[in-house]
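Hi everyone, thanks for coming.

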Amino acid sequence: MASSKICIVIAIAAVFAPSILATEFMIGDETGWTTNFDYQAWAYGKEFHVGDKLVFRYPPGVHNVVRVNGTGFEKCEAPAGTEALTTGEDTLTLTSPGKKWYICSMGNHCKSGNMRLTITVLAELGSPTASPSPSPVSAAVATGRTGLSGCGGWIAVAIAGIPGIVMV
Ligand SMILES: [Cu+2]
């Protein structure tokens, strides 16, 4: 029988899992944000969620980061009036799901150097849309099939509390 201390830890983990799971992506990993790097290959297989962060690292003044639309991405053109990020350590938090496009608008870096990235952002981890089936888990816990039957109450309370906490 699990002790109530363990139950409390599990319950707390269940509540805070969404924020713990938010990921910070270093664009290009050690290579950073530069020319002649395959950012589509880098992004391939990665899952980006609302709440995650993108970090573009590069020598300031050499590159920049401009968020564009699909057309801007294809043409390597930033719409007029678009502000570029230029600090060399630009952190963007993904705030909405869907396709996102980023380019470097310095010189011909995008066109000739393929300095562009497109990703598809998924719903926030732990949100109702991202995890449409939490019920089988709590059902299993409630019926004691997981072996943590003593925690059923704690976890049920924690799971019930998630939507309220996320909404705050
Ligand atoms: Cu550049």
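Before anything else, one term: when I say two residues are in contact, I mean that their C-beta atoms, placed from the backbone, lie within 7 Å. And please keep in mind that this is a predicted model.

If we skip the neighbours within four places in sequence, valine 65 is in contact with Trp33, Phe56, Ala84, Leu85, Asp90, Tyr102 and Cys104. Some of those names come back when we look at the nonpolar cores. The largest one has 17 residues, and those with the most contacts inside it are Trp33, Phe56, Val65, Ile103 and Cys104.

Okay, let's zoom out. The protein chain has five helices and seven strands. Reading along the sequence, you get α-β-α-β-β-β-α-β-β-β-α-α. Of its 168 residues, 21% count as buried. And take the contacts between residues at least 6 apart in sequence: 72% of them join residues at least 24 apart.

Next, have a look at E7, which covers residues 116-122. Strand E6, residues 98-103, runs antiparallel to E7, and six bridges join them. In that pairing, lysine 99 stands opposite threonine 120 in E7. Strand E2, residues 48-49, runs parallel to E7 and is joined to it by two bridges. There, phenylalanine 48 has valine 121 of E7 as its bridge partner.

On to the loops. Which residue in the loop between strand E1 and helix H2 is aspartate 29? It's the one with a positive phi of about 50 degrees, although it is not a glycine. Aspartate 29 sits between strand E1, residues 24-26, and helix H2, residues 39-43. Is aspartate 29 buried or exposed? It's exposed, because it has 10 other C-beta atoms within 10 Å, and the cut-off for exposed is 12 or fewer.

Compare cysteine 76, in the loop between helix H3, residues 70-75, and strand E5, residues 89-93. Cysteine 76 also has a positive phi, of about 60 degrees, and is not a glycine. But cysteine 76 counts as buried, because 20 other C-beta atoms lie within 10 Å.

Last stop: threonine 35, back in the loop between E1 and H2. Threonine 35 has 17 C-beta neighbours inside 10 Å, so it counts as partly exposed. Leaving out residues up to four places away in sequence, threonine 35 touches His109, Gly113 and Met115. Threonine 35 and asparagine 108 are 73 residues apart in sequence, and 9.5 Å apart in space, C-alpha to C-alpha.

How values were computed. Residues numbered from 1 in each chain as written. Predicted model: local features only at pLDDT ≥ 70, side-chain atom pairs only at ≥ 80, totals over all residues. Pairing = 2+ DSSP bridges. Helix = DSSP H or I, 4+ residues; strand = E, 2+ residues; numbered from the N terminus. Core = buried A, V, L, I, M, F, W, Y, C linked by C-beta atoms within 7 Å.
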